[in-house]
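Take a look at the model below. This report goes through its metal site, its pocket and its cores.

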Amino acid sequence: MSRIFDLPCPEIAIAGGGRFPVRRILCVGSNYAAHTREMGGDPGREPPLFFSKPADAVVSGEETIPFPPRTADLHHEIELTVAIGTGGANIPVAKALDHVFGYGVGNDLTRRDLQAAARAAGRPWDMAKGFDASAVVSPIMPASAIGHPRQARIWLSVNGTLRQEGDIADMIWNVPEVIAELSTYIRLQPGDVIFTGTPAGVGPIQPGDLVEGGIEGIGTIATRFAAG
Ligand code: MN
């Protein structure tokens, strides 16, 4: 039996040419102490919290995107993203970077009102985190071009006003540790994209806003939200 319809594979542009097919989007919950505090949490070194978004939630960071329905409190979360090129399970920290194809800039869009309600009720975050066009991504910068950055300024502005600023060196769990821990839960596969958590300063986005962000040496995004 042939397939009854085509199902396109989501993909992300690669800086310098080519396309990176997206298999899964895996996200770290709280990974900067100051953001954990602003969300009312204790920034101890608890094991990282993982959640996911559908692969087809990816959207280029250079286009106008619809303002999502069913929220009165859409938030931005600027994050380092890690594109997995080589799969593996139970990956040791010392070998983790061998599995990285490259790095990008992501905005983990969040319906904060739905997330707060889910948290309070002990319910899943899927509709708070995994909606259409909720994973804004820049082109992926190959590690073969830039290596594996450990320190870099990360920032986000809304309509030109700086909202988030930090350094990826301040992640509670660094990239090798995130990969190693995540690979104990699932076998990582080529095409997996990991959002590694956001620094402090998350806040609301309104229809019509321009959300810009970047990570020094990796890339930038500039997303316009459709007006109403
Ligand atoms: Mn996030």
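## The metal site

Are glutamate 79 and aspartate 108 buried or exposed? Glutamate 79 is buried, and aspartate 108 is buried too. Keep in mind that this is a predicted model.

Both residues hold a manganese ion as donors, together with Glu77. The donor atoms are OE of Glu77, OE of Glu79 and OD of Asp108. Along the chain, the donors follow the spacing E-x1-E-x28-D. Glutamate 79 sits in strand β8 (residues 78-84), and aspartate 108 sits in strand β9 (residues 100-108). This pair is 29 residues apart and links distant parts of the chain.

## The largest pocket

The largest pocket has a volume of about 320 Å³. Its lining counts 21 residues. Nearest its centre are Gly29, Ser30, Thr36, Asp42 and Leu49.

Two or more lining residues come from each of α1 (33-38) and α2 (112-121). The most come from α2, which gives three. Sorted by class, the lining has eight nonpolar, seven polar and six charged residues.

## The nonpolar cores

In soluble globular proteins, nonpolar side chains tend to be buried together. Here, the largest nonpolar core has 41 residues. Those with the most contacts inside it are Leu80, Val82, Tyr103, Leu109, Val175, Ile179 and Ile215. Several elements supply at least two residues each, including β8, β9, α5 (175-185) and β17 (210-215).

Key
Residues are numbered from 1 along each chain as its sequence is written. This is a predicted model: local features need pLDDT of at least 70, side-chain atom pairs count only at pLDDT 80 or more; totals for chains, interfaces and linings use all residues. Side-chain values use heavy atoms; hydrogens and water are left out. Donors are N, O and S atoms within 2.8 Å of the metal (3.2 Å for Na, K and Ca); water is not among the atoms, so sites may look incomplete. Helices (H or I, at least four residues) and strands (E, at least two) are DSSP runs, numbered from the N terminus. Buried means under 20% relative accessible area, exposed over 50%, partly exposed in between (1.4 Å probe, protein chains only). On a 1 Å grid over the protein atoms alone, a cavity is a set of points where a 1.4 Å probe fits but cannot get out, and a pocket is an open set with protein on both sides within 12 Å along at least five of seven lines; lining residues have an atom within 4 Å of a point. Grid points are joined across faces, edges and corners, and a volume is the space filled by probe spheres set on the points. Ala, Val, Leu, Ile, Met, Phe, Trp, Tyr, Cys and Pro count as nonpolar, Asp, Glu, Lys and Arg as charged, and the others, Gly among them, as polar. A nonpolar core is a set of buried Ala, Val, Leu, Ile, Met, Phe, Trp, Tyr and Cys residues joined through side-chain atoms within 4.5 Å.
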